[in-house]
Amino acid sequence: MAAVLIIAAVLAALLWPRSWLVIQEGKALRYAFPTTSGSDFVLRWTHSVEKEDWEERFQIQTDGSLMLVETRFKTFGAGVPAAVGSETRLEQGWVVMSGIHRPVDPLHVQAAEAEHYRLCFQGRTLDLTHPGVPPILTFTTREAPLLTMLPARFGTWWRQWRSP
């Protein structure tokens, strides 16, 4: 009886759909992270002209869509907006523009090695760039069972994670 319950629980965990933040490179599923409505993630990269880090925070909406909600940077320069969102403030050396409500679903990013793109999610940071041709990454959400996300989950687990 206990074995049947264990098998049923494992099957349910593998087959029950849940929400995922997925990152694709072309048609290949590169990463998959379990998520919920209201979760957020940050893309961090080095600005090509200013040579300072830039961050954009995205939030997963109730309907699963992605919304840009905040941007942070250290210096004004080429391509930097004068004002975005409902509030601009200085915070520990960063210019922070929050109160942005810009849908970006799906989100496409060319993760060039020179800009050193990183994903900050759930307290961890993951490098998104690799040598060679810069990948075009597509960020979106998906309802799917763990079984269909396993290849991307194993890829995520095997890659080097480091603290932000």
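Strands β4 (residues 53-60) and β5 (residues 66-73) run antiparallel to one another and are paired over seven bridges, in a model that is predicted. Within this pairing, Glu55 stands opposite Arg72 of β5. In general, the strands of a sheet pair through backbone hydrogen bonds, in either a parallel or an antiparallel sense.

**The sheet**
- An open sheet is built from seven strands, which follow the order β6-β7-β5-β4-β3-β9-β10 and pair in the antiparallel sense.
- At the edges are β6 (87-91) and β10 (124-127), each of which pairs on one side only.
- From one strand to the next, the twist averages 25°.

**Aromatic pairs**
- A search of the whole structure finds seven aromatic pairs; one of them is formed by Tyr31 and Phe33, which count as stacked because their ring centres are 6.1 Å apart and their planes meet at 20°.
- Tyr31 is buried, with 0% relative accessibility, and Phe33 is also buried, at 3%.
- Trp54 and Phe73 likewise form a stacked pair, since their ring centres lie 4.7 Å apart and their planes are at 25°.
- Because Trp54 belongs to strand β4 and Phe73 to strand β5, this pair ties together parts that are 19 residues apart in sequence.
- Trp54 counts as buried at 8% relative accessibility, and Phe73 counts as buried at 1%.
- Trp54 and Phe73 also belong to a cluster, linked by ring pairs, that includes Trp45 and Tyr117.

**Charges over rings**
- Arg72, the residue opposite Glu55, lies over the face of Trp94, at 4.5 Å from the ring centre.
- The charged end of Arg18 sits over the ring of Trp20, at 5.7 Å from its centre.

Key
Residues are numbered from 1 along each chain as its sequence is written. This is a predicted model: local features need pLDDT of at least 70, side-chain atom pairs count only at pLDDT 80 or more; totals for chains, interfaces and linings use all residues. Side-chain values use heavy atoms; hydrogens and water are left out. Two strands pair if DSSP finds at least two bridges between them. Helices (H or I, at least four residues) and strands (E, at least two) are DSSP runs, numbered from the N terminus. Axes are lines fitted to C-alpha atoms, for helices over the stretch in contact, and angles run from 0 to 180 degrees between N-to-C directions. Rings of Phe, Tyr and Trp (its six-membered ring) pair if their centres lie within 6.5 Å; planes under 30 degrees apart count as stacked, over 60 as edge-to-face and the rest as tilted. Buried means under 20% relative accessible area, exposed over 50%, partly exposed in between (1.4 Å probe, protein chains only). A charge sits over a ring if NZ of Lys or CZ of Arg is within 6 Å of the ring centre and within 35 degrees of the ring normal.
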